[in-house]
Structures are given as C-alpha cells and as structure tokens.
Amino acid sequence: MSEVLRLSHVCVRVIDMDKSLFFYRDLLGFHETEKNGDYVYLRGYEEGQHHSLVLKRAESPGLSYIAFRVRNVDKMREKLEASGLKTRKFEEKGVDNAIIFSDTGGMPTVFYENMEYVDDIRMKFHIHKGVSPIRLAHVNLMVDSNVFENEIKFYQSLGFYETEIFLDKEGKKMVSWLTKSGDSHNLAISKSSRKTPGFHHFTYYVHDLRDVIRAADIMASAELWDYIERGPGRHGVTQGVYIYLRDPNGGRLEFFTGDYVVLDPDKWKPVVWTYEQFRYRSDYWSRPIPESWLNEWIPVEDPFTGNLRGWNT
C-alpha cells in the first residue's frame, strides 16, 4: 500500500500581496480561509481542507514548496533518509506532523499527515465567483536532464504511475505525466537544460468549458490582457481543455477541464507521443505556443535555507 495519498497544496512566493489577492481571490474567485502574518491561505470550492494554495510574502517570486498528504510521516521520513535525502520537521498553519525536504530532482517538498478541515462551501453557490476554481489538479516540474529519470522513478516508488510520455528527436523521454488519483495526471515532470530545478505551473480543475473561457473574459474586462499567456485550447496529451495565465509575480496558473480518468490502472499502458506528433500532442487545437511558455518558469527555494536556488543555464 502506498504511503502517499494525494497531491495536496502548493506555496508560492509573491512580491505584492495586495495585487496577488486581487488576482487570485477577487478576480478568479479562490476562497480565502484566513490570513496569518505574511501568509494567505486559499482553496477551491470543493476542497474542505484548510488550504490548497498558500501565498507567501517574499522579496522575489518563486516556489516555496509542493505538499503531499501521506499516511505516516515517520515511516516516510525513515524511507527518505535511508535513500540519502535529508529531511527536517516543518510547521505550517492547519497542518499536523509534517516534514520538508528536497526530492530527487531538487524540488522543495512537504509530506504531512493531517490538515484541519473547515467549512464545506461546495453548494454555497451564492459565494462562488470568478472562474469557480474547484480543486488543485496537478503541478508541472522542471528538472535537470541528468536527474530526470531518477525523478520519475522517485514518484513511481511512491505509488504514482505514468499515463502519457513525450519523446524527443532522438526518441528519448522528455516529459512524463504521472497520476496517483486516477485523473489524467497529478504531476508532470519535464526535462530541462538548466542545472537547477524550476517550477513551471500549477493547475486548478474547473467543471465547465465556460469557466475556462470566463478566465479570459475576466482578464480582458480587468484590462489584464497580457496576463493571458496561452489558450484557450485543447491538449492532445490528457485531452484537457485549458487556459494559462501569468499572475502579477510572473508565476503561471492553468485552469483545466475535460480530461479522462484511468478506470483500471493495472491495464493502463502509457500513451507515447513522438517528436513528429508535436502539433497534436501539445495542442489538438489552439494558437501557436508562445516562447514564454516554452522557456520561462520560476525558481524554487532551498527548503533548509529558504533562499532561492541559483538560476544556472
């Protein structure tokens, strides 16, 4: 039985908290659970837990950490340290018994056992607004090509399995999509030419295609046209309909719907997309992918110092 239960939440660094709250809470509709000093805790409408998105006030943008809920933190700590990964105890609002560490690819990662549950707002439709974000769906990680395969194996050892794969010109794997929940993916790992890890984007599921379009309408009506980076469109990989936005700090947020569910994981064989299928694997339909989406992402913190890792090329 796998000790990892699910992808839980992300914590991102923001420079201007007021602008960030206007973007995430006031425009897009994320529900605010509470503020606590330099932190604001947000969540989607079908998430009963305290938070799934943490905004952390900082001097520069970046990823602070990604968090997963696990069955037994002490057992996971023993497993991680036996494999050579250093861990430390971690404190977070609403969370019990947590550790933080750098995973095989250098991504700051939190494992915890329990999070406080708060009010159920699923059917309080009168307070739903913006694009009606539902739940955190997946994250996309960028790791050095030298540790790319080890990063995939690390998450497979935790119970994730591959659903789809991109191949490069030489026929070697360059992106892997993995799931734990059975959705098309909870995690995407991409090979990077940079020596330090990076965070490409996080994604929230929405129920309806109209919510994807509404994200574009909201940005345009707020005169934030430049915040719309890519889409709307439909991916070939995962078949999901999407839109990508850039937040006031340069971070990337996707809204996503219409993907598939793996009904029989034991029968599933990863869908393999060749380099020649690039047109269809990235976009079944949409406009050309902008260079910013291909080449820009945010740095990640060192979980032991709190400093951003050097940005090497």
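Author: Let's begin with the largest cavity: domain 1 (2–116) and domain 2 (131–298) both give residues to its lining, so the largest cavity lies between them. The domain bounds come from an automatic or database domain assignment. Before going on, a word on what you're looking at: this is a predicted model, where local features need pLDDT of at least 70, side-chain atom pairs count only at pLDDT 80 or more, and totals for chains, interfaces and linings use all residues. Residues are numbered from 1 along each chain as its sequence is written, and side-chain values use heavy atoms, with hydrogens and water left out.

Now for the rules on spaces. Everything is done on a 1 Å grid over the protein atoms alone: a cavity is a set of points where a 1.4 Å probe fits but cannot get out, while a pocket is an open set with protein on both sides within 12 Å along at least five of seven lines. A residue counts as lining if it has an atom within 4 Å of a point. Points are joined across faces, edges and corners, and the volume is the space filled by probe spheres set on them.

By that rule there are 2 cavities of 30 Å³ or more. The largest cavity holds about 100 Å³. It has 17 lining residues, and those closest to its centre are Asp-247, Gly-250, Gly-251, Arg-252 and Ile-298. Strands E1 and E13 each bring at least two residues to this lining, and E13 has the largest share, with 4. (Strands, E, of at least two residues and helices, H or I, of at least four are DSSP runs, numbered from the N terminus.) Sorted by class, the lining comes to 7 nonpolar, 6 polar and 4 charged residues. Here Ala, Val, Leu, Ile, Met, Phe, Trp, Tyr, Cys and Pro are nonpolar, Asp, Glu, Lys and Arg are charged, and the others, Gly among them, are polar.

What about the boundary between the domains? The C-alpha centres of domain 1 and domain 2 are 20 Å apart. Together the two domains bury about 3200 Å², with 72% of it on carbon and sulfur atoms. (Buried area is the accessible area, taken with a 1.4 Å probe, that two parts lose on being put together, summed over both.) On the domain 1 side, Leu-7, Phe-23 and Leu-28 lose the most area to domain 2, together 18% of what that side buries.

The second largest pocket belongs to this boundary too: both domains give residues to its lining, so it lies between them. Its volume is about 210 Å³. Among the residues lining it are Leu-7, Glu-47, Tyr-117, Arg-135, Ala-137, Asp-183 and Asn-186. Strand E1 (4–14) and E9 each supply at least two of the lining residues, and the classes split into 4 nonpolar, 4 polar and 4 charged.

Some of those names come back in the second largest cavity, which holds about 50 Å³. Arg-135, Ala-137, Asp-183 and Asn-186 line this cavity, and so do His-138, His-185, Tyr-205, Phe-256 and Asp-259. E9 gives the most here, with 3 residues. The classes for this cavity are 3 nonpolar, 3 polar and 3 charged.

That leaves the largest pocket, at about 740 Å³. It is lined by 34 residues, of which Met-174, Val-175, Ser-190, Trp-293 and Leu-294 are closest to the centre. Several elements each contribute at least two residues to the lining, including strand E9 (135–144), strand E13 (198–205), helix H5 (278–282) and helix H6 (291–295). The largest share, 4 residues, comes from E12. In this lining you'll find 15 nonpolar, 12 polar and 7 charged residues.

One last bit of context comes from a record. An unreviewed UniProt entry carries the annotation "domain: VOC" over residues 6–114 and 135–258. Its positions are given in the numbering used here, feature names are shortened, and annotations may be inferred rather than shown by experiment. Residues 6–114 are 19% helix and 49% strand, with end C-alpha atoms 12 Å apart. For residues 135–258, the make-up is 19% helix and 46% strand, and the end C-alpha atoms lie 14 Å apart.
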